[in-house]
Amino acid sequence: MSSPLLSWGLVLLVCLLAPVGFAKEVKVRKAKAKAPRLVRIHSGHRLQRDAATAFESMAAEARAAGQPLLVTSGWRSYQKQRYLWRLYRKGLGPKAARPGRSNHNRGLAVDLVVGSEEASPTYDWLAGNACRFGFRRTVASEAWHWEYRPRSTSAPQDGEDCQGRPLNVGPTPAVVRQDAS
């Protein structure tokens, strides 16, 4: 065998075996199983976990006040948002955000039945109480659209609701009965 051929063979052998000799033992960590990002709320719709927890608390308090919150939409897939956007652009559907820009895609927005816009008891309850749970109305033309934004939603002052109206938390007046005799 000729000397140059033997030299090239040794160089090739060293190149092939060198990475094995210099390699460190690498520990491969398995990815931890993450909890599902979206969870179902009582209406069957889905929201992001923190938003769902806050919404369920808000819905329970609203029910206790006689104003049940009925959800018409929660999380939406990108495809569904794209479909709604296309309908809106053609004039065939209600206002919809561009896909990827809606907080419905993130599981942070919820659409609710509020009656006739801002003149309903349900809307009035939401306007006065939603901020305590981190929700606020973000689209001026949509009274039904509420988003979970706890970091940027300010809590009400003591003794006031979310709109600055005084709370009716005073003592209940005593009922004076008069004897019919």
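Colleague: Quick one to start: which residue just after H2 takes a positive phi?
Modeller: That's Gly66, with a phi of about 85°. Helices here are DSSP runs of H or I with at least four residues, and strands are runs of E with at least two, both numbered from the N terminus.

Colleague: And what sort of model is this?
Modeller: It's a predicted model, where local features need pLDDT of at least 70, side-chain atom pairs count only at pLDDT 80 or more, and totals for chains, interfaces and linings use all residues. Residues are numbered from 1 along each chain as its sequence is written, and side-chain values use heavy atoms, with hydrogens and water left out.

Colleague: Okay, back to H2. How many residues does H2 have, and what does it reach end to end?
Modeller: H2 covers residues 49–64, so 16 residues, and it reaches 23 Å from first C-alpha to last, close to the expected 22 Å. The expected span is 1.5 Å times one less than the number of residues.

Colleague: Which residues of H2 are buried?
Modeller: Ala51, Ala52, Ala54, Phe55, Met58, Ala59 and Ala62. Buried is under 20% relative accessible area, exposed is over 50%, and partly exposed is in between, with a 1.4 Å probe and protein chains only.

Colleague: What caps the N-terminal end of H2?
Modeller: Gln48, through a side-chain oxygen 3.0 Å from the backbone nitrogen of Asp50.

Colleague: Now the core. Which residues have the most contacts inside the largest one?
Modeller: The largest nonpolar core has 24 residues, and Phe55, Met58, Leu112, Leu126 and Phe135 have the most contacts inside it. A nonpolar core is a set of buried Ala, Val, Leu, Ile, Met, Phe, Trp, Tyr and Cys residues joined through side-chain atoms within 4.5 Å. H2, strand E4 (109–112), helix H4 (121–129) and strand E6 (145–148) each give two or more residues to this core, and H2 gives the most, with seven.

Colleague: What is Met58 in contact with?
Modeller: Setting aside neighbours within four places in sequence, Leu69, Trp125, Leu126, Ala130, Phe133 and Phe135. Contact means heavy atoms within 4.5 Å.

Colleague: Changing topic: where does Arg76 lie, and is it buried or exposed?
Modeller: Arg76 is in the loop between strand E3 (71–73) and helix H3 (78–89), and Arg76 is buried at 11% relative accessible area.

Colleague: Which side chain does Arg76 join in a polar contact?
Modeller: Asp111, at 3.1 Å. A polar contact is a pair of N or O atoms within 3.5 Å; within protein, one must be able to donate a hydrogen and the other to accept it, and residues adjacent in sequence count only if both atoms are side-chain atoms. Not counting residues up to four places away, Arg76 touches Gln81, Leu84, His104, Asn105 and Asp111.

Colleague: And Asp124, where does it lie?
Modeller: Asp124 is in helix H4, partly exposed at 38%. Beyond four places in sequence, Asp124 is in contact with Gln163 and Arg165.
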